[in-house]
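Subject: Structure for you to look at

Dear colleague,

I am handing over the structure we spoke about, and below it I have set out what was found. Please keep it open while you read, so that you can follow each point on the model.

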Amino acid sequence: MVDVDSFIADAREEIAEEIGDANAVIALSGGVDSSTAAALAYDAIGDQLTPVYVDTGLMRKGETDQIRETFAYMDSLQIIDAKDRFLDALEGITDPEEKRHAIGEQFIREFETVAREVDADYLVQGTIYPDRIESEGTIKSHHNVGGLPEVVDFEGIVEPMRDLYKDEVREVARELDLDEIVAERMPFPGPGLAVRILGEVTEEKLGVAREANHVVEEELIEHEPWQALAAVIGKATGVKGDNRVHGWVVAVRSVESRDGMTARAQNVDWDTLQRIQSRITGENENVARVLYDVTHKPPATIEYE
Ligand code: XMP
């Protein structure tokens, strides 16, 4: 474990030195990694940094408002509403890697526009150690690593947390007094709800996934999982009232982990699972079934795609 105080001091110094008088941008996702990197960088260079939050429509319920509140102190914050453009870019795509790619590409377009507007020479990223090793291998193309720097012509990329594990990032976030909600938040993938929807991403599936993820986070937070989620995995028959329906199947997953590289499915009690089931099926008449995923990683991954 790194010494948090000296890490923060060194990181600020490194950022200020590297960027000098130039302008920089950082993409905020609402997660603890980018939030912490943004807070570090803003402390180091102030409004020379433009934090950009792209509302992809694939984010958690209430995420945009949360960002607006948490980063209200940064005058240079930009929030881009790109929901419709992302849905268009994802239309007809069913392959998981193609999906990630389409999201990454659209993200770059949105981000590039702002980077040009503010004349940014530097890109700050909240990349952490596990992101790097997973990207170097062939496990998965994380859209927040690779891609961006190759397309946008930045003079430099600053990754102050490149050697940290997730639990170390959380310590740094707490030390920086980031909102408890952000610091303690479960990790959320860059491509967002898109990797919690099997097959094509549609507005309807997104609505189901968003609400179900909200229920799962609310109900499981006190069980302190490393990550808990809901995924829309298909359709099945059910009965609602007097009618047979062909409704959505939602899988619930809750895992314990240190860094996401391996994980154990959490032993969640029956009453909690039933409460989750009843809220998800009750709040959305198009959901026919809720399943609990008991698979560890490996062999399963944490996300569904
Ligand atoms: P998997 O599903 O690979 O997830 O077991 C491990 C951790 O990584 C997150 N994850 C992603 N994060 N872009 C991200 O930024 C991605 O494409 C992506 N895929 C998975 C996942 O939420 C978990 O914390």
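Please bear in mind that the model is a predicted one. L178 sits in the loop that lies between α8 (166–175) and α9 (180–183). Although L178 and S35 are separated by 143 residues in sequence, their C-alpha atoms are 8.0 Å apart in space.

Next comes the sheet, which is open and is formed by five strands in the order β3-β2-β1-β4-β5, with parallel pairing. At its edges are β3 (78–81) and β5 (156–158), each of which pairs on one side only. On average, neighbouring strands of this sheet are turned by 25° against each other, if direction is ignored.

Within the sheet, you can look at β1 (residues 24–28) and β2 (residues 49–55), which pair in the parallel sense over five bridges; here V25 stands opposite T50 in β2.

Helix α2 (residues 32–45) touches β1, β2 and β4 (122–124), and its direction makes about 155° with that of β1. Helix α3 (residues 63–70) touches β1, β2 and β3, while its direction makes about 165° with that of β2.

How values were computed
Residues numbered from 1 in each chain as written. Predicted model: local features only at pLDDT ≥ 70, side-chain atom pairs only at ≥ 80, totals over all residues. Heavy atoms only, no water. Helix = DSSP H or I, 4+ residues; strand = E, 2+ residues; numbered from the N terminus. Pairing = 2+ DSSP bridges. Axes fitted to C-alpha atoms, helices over the stretch in contact; angles between N-to-C directions. Contact = heavy atoms within 4.5 Å.
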